[in-house]
Amino acid sequence: MNCSDCKDKLDRYVDRELNNTEVLELKLHLEGCPPCADHYEFQAHLKRLVKVSCDRDKVPAAFREKLRQILL
Amino acid sequence: MAESPARTAFAEEALTHLDTLYRGALRLTRDPDQAQDLVQEAYLRALRYQHSYQPGTNMKAWLFAIMRNLFWDRFKGSRKEDVSLDDVGEFVLYDKLRDEGAKPEADVLDKLAASEVVAAVEKLPPLHREVVLLVDVEGFSYKDAAQTLGVPIGTVMSRLHRARQQLQRSLYDYAVESGIVRASGTSQVPQQ
Ligand SMILES: [Zn+2]
């Protein structure tokens with residue numbers, strides 16, 4: 001695998017959508033290629049950041065209770 | 001009013017996915033009151049169509065699909081919002097920051113405020129926003145996201161790719177505006 005293949009697969013690697021063989025190939029490349037490894041860390045971090053930022057919003061307790069009243 | 005035990009059990013299980021539905025509705029409508037209305041309506045519809053849910057399949061995906069379909073029914077007509085993203089060319093935030101001499105992770109990602117990341121997500125057109133919500137926020141597989149949205153997996157992947165490009169561009173713009181990075185080049189990290 002070269003850096004260009006690695007870049008093409010980075011999204012799917014971050015999203016855990018590669019098959020086992022592809023994962024092994026990609027991991028091998030990342031171990032020997034600090035720039036790609038650094039890029040991978042960045043993309044993974046960005047994905048976590050999106051999740052954590054959006055996760056901060058919690059369901060208002062009053063709304064949760066209202067729904068329970070309606071549905072149960 | 002006495003509900004049947006089966007209906008109650010179904011409702012209980014459905015309510016375990018309330019966080020996902022509410023977060024999704026909040027990001028789609030960008031308004032807490034509208035999000036609550038949407039979620040409530042989605043739950044009522046889910047109970048009404050309980051028979052169409054196949055036990056053992058992904059209930060979270062099923063509920064999300066009901067919610068986002070309601071969203072599109074309700075808001076499609078009233079909003080002239082763009083539903084597609086112009087192809088603005090490849091934008092890779094990492095490369096951009098590297099080229100400008102910043103350490104992308106330490107200098108930039110660590111300094112972005114959560115509110116700015118949410119703002120960047122909410123700036124995406126809804127068709128692209130919902131893919132980010134499913135895959136990045138809720139951890140759906142491409143396959144589950146495709147099923148939820150009623151599109152092929154390839155469409156999920158292309159929308160996700162476009163969405164991420166746009167998201168990274170927005171975050172970059174914010175980073176420049178707020179002085180986290182200088183458009184001309186070097187990052188502004190206090191030297192201490
Ligand atoms: Zn490489």
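Predicted model: local features only at pLDDT ≥ 70, side-chain atom pairs only at ≥ 80, totals over all residues.
View 1. The buried residues of helix 8 of chain B are covered by, among others, helix 3 (34–55) of chain A and, from chain B, helix 2, helix 4, helix 7, helix 9 (142–149) and helix 10. Because 12 of the 12 residues of helix 8 of chain B are buried, this helix is largely enclosed by the rest of the structure. The buried residues include the charged side chains Arg129(B), Glu130(B) and Asp136(B), as well as Leu127(B), Val131(B), Leu134(B) and Val135(B). After helix 8 of chain B comes Gly139(B), with a positive phi near 70°.

View 2. Glu130(B) and Arg68(B) form a salt bridge in which the closest N and O atoms are 2.7 Å apart. Glu130(B) counts as buried at 0% relative accessibility, and Arg68(B) counts as buried at 9%.

**View 3. Interface of domain 1 and domain 2 of chain B.** Domain 1 of chain B spans 5–76 and domain 2 spans 92–177. The contact takes 15 residues from domain 1 of chain B and 15 residues from domain 2 of chain B. About 1400 Å² is buried between the two domains, and carbon and sulfur atoms give 59% of this area. Arg27(B), Phe64(B) and Arg68(B) supply 39% of the area that domain 1 of chain B buries against domain 2 of chain B, more than any other three residues. The interface between these domains holds 3 salt bridges and 9 residue pairs in polar contact. On the side of domain 1 of chain B that touches domain 2, helix 2 (18–29) and helix 4 (59–75) of chain B each give two or more residues. Helix 4 of chain B has the largest share of that side, 7 residues. Arg27(B) also pairs with Glu122(B) in a salt bridge, with the closest N and O atoms 2.8 Å apart.

**View 4. Interface of chain B and chain A.** In this contact, 47 residues come from chain B and 33 residues from chain A. The two chains bury about 3700 Å² between them, with 62% of it on carbon and sulfur atoms. Between chain B and chain A there are 9 salt bridges and 16 residue pairs in polar contact. Helix 10 of chain B gives the most to the side of chain B that touches chain A, with 7 residues. By class, this side of chain B has 28 nonpolar, 7 polar and 12 charged residues.

**View 5. Salt bridges between the chains.** Asp136(B) and Lys47(A) meet in a salt bridge at 2.9 Å, N to O. Both belong to a network of salt bridges that also links Asp11(A), Asp15(A) and Arg164(B). Elsewhere, Glu12(B) forms a salt bridge with Arg68(A), the closest N and O atoms being 3.1 Å apart. This pair crosses from helix 1 of chain B to helix 4 (residues 61–71) of chain A. Glu12(B) counts as partly exposed at 35% relative accessibility, and Arg68(A) counts as partly exposed at 31%.

View 6. The side chains of Arg74(B) and Glu41(B) meet at 2.2 Å, N to O. Arg74(B) is partly exposed at 31% relative accessibility, and Glu41(B) is partly exposed with a relative accessible area of 34%.

Key:
Residues numbered from 1 in each chain as written. Chains lettered and ligands numbered in written order. Heavy atoms only, no water. Domains from an automatic or database assignment. Contact = heavy atoms within 4.5 Å. Buried area = accessible area lost by both parts, 1.4 Å probe. Salt bridge = Lys/Arg side-chain N within 4 Å of Asp/Glu carboxyl O. Polar contact = N/O pair within 3.5 Å; in protein donor to acceptor, adjacent residues only side chain to side chain. Helix = DSSP H or I, 4+ residues; strand = E, 2+ residues; numbered from the N terminus. Buried < 20%, exposed > 50% of the residue type's maximum accessible area, 1.4 Å probe, protein only.
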